[in-house]
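This report is for a reader who is new to the structure. Please look over the sequence and the model before reading on.

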Amino acid sequence: MLRTFDFAKVPIVDIINDILVDSSKKGASDIHFDPYEDHLLIRIRIDGILIDYAKVPEAYRDYLVTRIKTISKMNITESRLPQDGAIKETLEGIDLDLRVSSLPVSTGEKIVIRILDYTRSMAGLNELGFSEENYKKVLEMINVPNGIILVTGATGSGKSTTVYSMLQQLNTSATNIITVEDPIEMDITGINQVQTNPKIGLTFATALRSILRQDPNIIMIGEIRDTETAKIAVRASITGHLVLSTLHTNTALNTIERLIDMDVQRYLLASALEGVISQKLARQLCPHCKTKRKTSEYERMVFKTVLNKDVDEIYDAEGCEHCHDGYSGRMAIHEVLRIDQDIRDALSNGKPKEEIRHLVYGTGNVVTMLQDGLEKVIQGFTSFEEILKLIELEDDDKISSNSELKDAIIKTKENLAIQVKEGEYLGNREENNDKNFYSYEDVESLDI
């Protein structure tokens, strides 16, 4: 149901404030203002899904856009070039920290407001959904005196939250922590934070060179974006500093390969890399309405082949007034790799990708994101459908980051297809009104 605003009687200032406060209360991460020929469509992103929120008549569209650009300190006379801004306000007792971006499109200016929420970062590492085994690995990583730790994932996968939580854990009076960020997303007392400014030559690389002369114990680099930054970060980590950073890769193995592709010398990488935390965000089931159901034959086989567990019941999304389609909030699923001596030796000796893959995934050192996600399905935090959707969205390596897992999933699919063809039809969801049924079309549609 779209919200309606009385633009003729209520000042634009009050309407904007209302939108910002209401979106924050609903737990939105972004607000989109999409221009059309005859109106402006406002959408909000909740738990990763964009939802239509309100429509602004064409007569008031420019006033609304101008107001947003004004409070975010953008140039209101410039509509031909993209701009970035920020808003820090306290409205109705809510502290809002917003990042604003404008983009000229064919029908006008599109505005996107990112709502920054640091409550998870402030809560600590133990509140980020790590399994007991992964949490232990992360604590071991951050307690080493030097080395590089990378948090990886796609945009919007919670990397900054994880990195800031690690910094909070490391932030003591005995350490000198310096960060280089673009932008600085969270102000932390006791930490020296540097904002890059490429226009005047203050890049990640130039800032890092100066930071090394500031007697740091711990360095955080907002993101490794190029070869020069990667090389300086690795060299800093082997000269007595603990370096934290992020990278846009999907898995631990992809991360190692990306750094090699960035021309980081293998022997340096072998010495420097301490660990990789890869993550994705899965929607959490609403605690008020999630319902327990029997697993289907396909689901039971997946749990058996991937986790070697017999799972007869799992929770599923239902939907109520407290949530959105049965989901409320998101949680991370993780893949945590702690670099051991075998992997270091393989890297420094120039071993091929297949051998490194086996050392990463074939020795039981790593719980993959698929395995971690399915464990959280069993625990009732998320749904089987949500985890399967995330795995299908992998555009590189998918389940094949572990060849044994890939073979098991493919075998599961083949076995199920054979059963269906032989007449053991699993059911029709519409006729039986039950999400527990999978048809032959469901099996064929699985992207493996």
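Does Asp263 count as buried, partly exposed or exposed? With a relative accessibility of 49%, Asp263 counts as partly exposed, because that class lies between buried, under 20%, and exposed, over 50%. The model is a predicted one.

## The chain as a whole

The chain has 448 residues, of which 50% count as buried. Its secondary structure consists of 17 helices and 15 strands.

The accessible surface comes to about 21,400 Å², and carbon and sulfur atoms hold 47% of that area. Among contacts in the chain with a separation of 6 or more, 63% are between residues 24 or more positions apart.

## Helices α1 and α2

Two packed helices are described by the angle between their axes and the distance between the axes. Helix α1 covers residues 12-25 and helix α2 covers residues 58-71; their axes come within 10 Å and cross at roughly 70°. At that angle, α1 is roughly perpendicular to α2, and the crossing is right-handed.

On the α1 side, the contact is made by Ile12, Val13 and Ile16, and on the α2 side by Tyr60, Tyr63, Leu64, Arg67, Ile68 and Ile71. The residues of this contact divide into eight nonpolar, no polar and one charged.

## Helices α10 and α13

Helix α10 (residues 297-307) packs with helix α13 (residues 369-378) at an angle of about 130°, and the axes are 10 Å apart. The two helices are therefore oblique to each other. The crossing of α10 and α13 is left-handed.

From α10, the contact uses Val302, Phe303, Val306 and Leu307; from α13, the residues are Leu370, Gln371, Leu374, Glu375, Val377 and Ile378. In the contact of α10 with α13, eight residues are nonpolar, one is polar and one is charged.

## Backbone features in loops

Asp182 and Pro183 are joined by a cis peptide bond, with omega about 0°. Pro183 is in the loop between β8 (177-181) and β9 (192-195).

Asp263 is a residue other than glycine with a positive phi, near 70°. The loop that holds Asp263 runs between α8 (252-261) and α9 (266-272). Asn308 also is not a glycine, and its phi is positive at about 60°. Asn308 is in the loop between α10 and β14 (313-316). Its relative accessibility is 57%, so Asn308 counts as exposed.

Conventions: Residues are numbered from 1 along each chain as its sequence is written. This is a predicted model: local features need pLDDT of at least 70, side-chain atom pairs count only at pLDDT 80 or more; totals for chains, interfaces and linings use all residues. Side-chain values use heavy atoms; hydrogens and water are left out. Axes are lines fitted to C-alpha atoms, for helices over the stretch in contact, and angles run from 0 to 180 degrees between N-to-C directions. Helices (H or I, at least four residues) and strands (E, at least two) are DSSP runs, numbered from the N terminus. Angles under 35 degrees count as roughly parallel, over 145 as roughly antiparallel, 65 to 115 as roughly perpendicular and the rest as oblique. A crossing is left-handed if the near helix is turned anticlockwise from the far one by less than a right angle, and right-handed if clockwise. Contact means heavy atoms within 4.5 Å. Ala, Val, Leu, Ile, Met, Phe, Trp, Tyr, Cys and Pro count as nonpolar, Asp, Glu, Lys and Arg as charged, and the others, Gly among them, as polar. Buried means under 20% relative accessible area, exposed over 50%, partly exposed in between (1.4 Å probe, protein chains only). Accessible areas come from the Shrake-Rupley method with a 1.4 Å probe; for residues, only the protein chains shown count as cover.
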